[in-house]
Structures are given as C-alpha cells and as structure tokens.
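Have the sequence and the 3D view ready, and we'll go piece by piece.

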Amino acid sequence: MGIRERLSGNEAIAYAMKQINPDVMGAFPITPSTEIPQYFSAYVDNGEVDTEFIAVESEHSAMSTCIGAEAAGCRAISATSSCGLCYMTEMLYVAASDRLPITLAVSCRALSGPININNDHSDAMGVRDTGWLMLFAETNQEAYDNYLQAMRIGEAVGLPIMICQDGFITSHAIENIELVEDEKVKAFVGEYRPKHYLLNKDEPMAVGAYATPVYYMESKRQQAQAMMDAKEVIRKVGAEFGAMTGRTYGLIEEYRMEDAEEAIVIIGSSAGTAKEAVNQLRQGGKKVGLIKVRSFRPFPAEELCAALKHVKAFAVMDKDDSFNAHCGPMYAEVCAALYAAGISGPKGINYIYGLGGRDVRVESIQHVFAELEQIASTGDVGETYRYLDVRE
Amino acid sequence: MSHLAKDMTPDVKWQDITPGCNIFEGGTSQTVETGDWRTMKPVLDADKCRQCLLCVPVCPDMSIPMTEDGKRGEFNYFFCKGCGICASACPFGAITMVRDEK
C-alpha cells in the first residue's frame, strides 16, 4: 500500500524527481512550472538527492544542458511552461533526433499574446512535432504516476519524454495523492545504462553529426520507428505500474464508452469535469461517454478508431487552436485516423475550449453533448470548427 | 549490426544507420573524401615555386603535405576542396586554379 499524502501537481512531480534521484537538472523558472525546480533545488540543497542542479540563463540553455548531460551518459531532467517551452523548441528537436531520453515536466500554459499565465495546451501542442513522447495527466496523481513511468518508456525507445499537466489547475491545486514507497520507485525506475555515451573512455563518440541528404532521411525514418515502437512500451510499462500500485495506464482511457452513442475526446484536467458531465447525463438515461487521450505522442490512432467506430457523433476538444481556419490539432489527427481506417459513420465536430484559463464547467460539457445529441438525431453536422463558451 | 563509420555507406538502410547518425569511433574524417566537393583545382608550377612554404599553413584542409626534406609536397586531392587560398597566398604565382574536369 502506498503513502497517503496531499500535494499539488508541481510538488508531486518534484517529489517523484527526488525519489528517482536523477543525475542532472538544468532549469530556468517560468510560471506555472517554477515550483518544480524550486522544490527540487531544496532537495538538492538539503542533500536529499545528489543531482547536479545547473541554474541556467534560459530555457534554450536548460535543454542544451540536458542534451549534453544525457549524451554524457546521465539521466537529465528539466521543467518548463509556455514561452519557456517555445524557447526550448530548437533544442527539443536536437534531443529527439540525437535519441536522448531526457525527461521534461511541462505545466501547460497559454502563449502570448495577449499575455496570459493560465492554462491551455498551446505550449505543448506547439511542440507536438518535435519528436518527443508526450503524456498528459488529468490529476495530480496521474502527473506523479506518469513521471515515475517516463524514464522507463523514454529509455526503452531512445526518445525524450514530456510529462504534461494543466498549469494551476493541477500544478497548484492540492489533491489527495498516493505516493509509491522510495525503494519501490527505485526498483521500478531502475538505473540508466546507455549502450553508448560520451564519458565512455573506451569508445570515443560524436553526437550531433551532420547528415548529408544521403543519410538524413534514413535517420528520420529510424526516429519515426522509435515513436511507433513506443506504443507497446507505454502499454507494458503502464501495466507493470498497475501491478505495483493498482493504477494501470494505457494510451487512452475510455470512460463509460460501452454502448455510448455520443462521445467526447479530451486531454488533461478537463476530462475530470467532463466525466462528471457524463455521469449526470447517464443518470438521465443519455448514452454518452468520454475518451481521454493520455498519450498524444505516440498518437493512439488504432485505439481511438476502436473506441469511436460505433458512436453516432463525437466532439474532439482542443484546448488550443491551430489558426488554420479549419480545426484544432487533435481533431485533425482523430479525423485522419478514422479516415485512414475507413470509418466514416460517426459524425465529428471540433471544439476549441478553455483558452487562457477560460473555465470549463460541467454545463460547458453538457452543452457539447446536447449539440452531439442533435447531430446524432438529425445527421446534420453543421459547422465543425466551433469555439466553446465564447461570448458572442 | 555494425555501428562503425566505414559501414555507414550511402546505401545503408534506415534499420542499420546509427541512431541520430552518431559516430562511435575517432578519426573518421580521414575516410571522408572532401575532394569531390571541388570545382576548381590548384595546380603547382614547380619551376616558379621557391619553397617559401607560405601555402602550407594557410590550407584549411591540410592538403599540402610536407616532405621529409622540408619541402612542400604535391596537393592531396582526396581532401583538397579547391578553395584557392593557397593560390592567393603564393607570392610567386606558382599556384594556378584551373577548372577541375572529372
């Protein structure tokens, strides 16, 4: 049985970091993830971990630090949000293509402008094509659990991994949480033993080589395979974690999807609000359900197709916008998955919601289901690109 | 599966290329023929050359070797990219850049 505690999401991440005791942290503060390196640096100062904490002058340098350390053969970590993640972007690509399994905690926040410090997924979705694995948490517990599984997944396929949670909503709200005992964490996470590393004096090595057109594409194809292979690893590690804690994880979570005729697809903390909406509607006899995407990278195309193929109508909820005059990023990928699988029955719409900390209430989600019910009964989809809870 | 640079030939498959194109040995630049980048080629006129050796240190690719008797040797065209710095540095007009026909 684990340890009962009450922690904010940021505290939970910092605590998981302490239990893992990684080799190097390179970090620069930015709201709302600042507390993660803040709490962790206290652990460093108190001698509770022997991590080398490198205070850098920017997020670009934070990720560069992690790249150098991970290539050297260390476990390297960082944490960031919003513009900080944007500023890291150049190095995020390098980390992924150099196949360095760095772990990055992201407390998701809107991007400027207008300047805003509250939650949405614009930062994480903006770097969705950098080649990082991306897991999203609904609760503080999931943020902690995902973090404990992160290194196992990243190191198995040789890709860096982002552990995302919703800024302020889970990063700063204190919830009950069940922690795993230190010795169990250490046994589960294990030691990092890379096959090749810069500090190996018996094998001189160069990282970050130039690739001419003759080599570049083969290198990227191999990187793409690592992302494909990650699906099975995420399932396996999630199952093993479940055997240890009773909390099993996969690529998606299906909530009351058996016999559902209308469904929403959602990421992050708003899934909790949406589950309450589903429960209330189910009490009223409505056949509604929810799919929570835990792994956005790799994208769970097959799982989503299997879950959605029998519904009459669905809404994909994007907590950011692609500004393409068409749809948000998750809607595009869900629809591409269905089309590729030849599934054309379900009618799908897209809602852009919760931008810049706009409250997502149970009534907001109920409104979405009301729209879906109408689409299911009439077959008329109407406008597919919609904004939720915007004054007009 | 080999991870040696010599096996990362232009026909290497994606399954066999080293992750991130990382290189797991030292001195691999010796195997890379940068000479095939060349369009112009330096040619030495031995009669004009006074062996002042100004050309040797200015070559960025160390493609002008020194012989054992302290003289400059023939260009190493395996590495020479044809930049022309040696021709500019020569005070005696002993090096001429000519079109490199292959």
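How many bridges join β6(A) to β12(A), and do these strands run parallel or antiparallel? Two bridges join them, and the strands run antiparallel. Here, strands (E, at least two residues) and helices (H or I, at least four) are DSSP runs numbered from the N terminus, and two strands pair if DSSP finds at least two bridges between them. In this part of the model, A:Met134 sits opposite A:Arg297 of β12(A).

Before going on, some housekeeping: this is a predicted model, where local features need pLDDT of at least 70 and side-chain atom pairs count only at pLDDT 80 or more, while totals for chains, interfaces and linings use all residues. Residues are numbered from 1 along each chain as its sequence is written, and chains are lettered from A and ligands numbered from 1 in the order in which they are written.

**The sheet**

In chain A, seven strands form an open sheet with mixed pairing, in the order β3-β2-β4-β5-β7-β6-β12. Its edge strands, β3 (52-55) and β12 (295-297) of chain A, each pair on one side only.

**Domains and chains**

Chain A is split into domain 1 (3-245) and domain 2 (252-387), with bounds from an automatic or database domain assignment. The C-alpha centres of these two domains of chain A are 28 Å apart. Residues count as in contact if their C-beta atoms, placed from the backbone, lie within 7 Å. Here are the two contacts:

**Helix α11**

Helix α11 (residues 329-340) of chain A has twelve residues and reaches 17 Å from first C-alpha to last, close to the 16 Å expected at 1.5 Å a residue. That expected span is 1.5 Å times one less than the number of residues. Among the buried residues of α11(A) are A:Tyr331, A:Val334 and A:Leu338; buried means that 20 or more other C-beta atoms, placed from the backbone, lie within 10 Å of a residue's own. The cover over the buried residues of α11(A) includes α5 (122-126) and β14 (347-352) of chain A. Just after α11(A), A:Gly342 takes a positive phi of about 75°.

Definitions and conventions
Buried ≥ 20, exposed ≤ 12 C-beta atoms within 10 Å, placed from the backbone. Contact = placed C-beta atoms within 7 Å.
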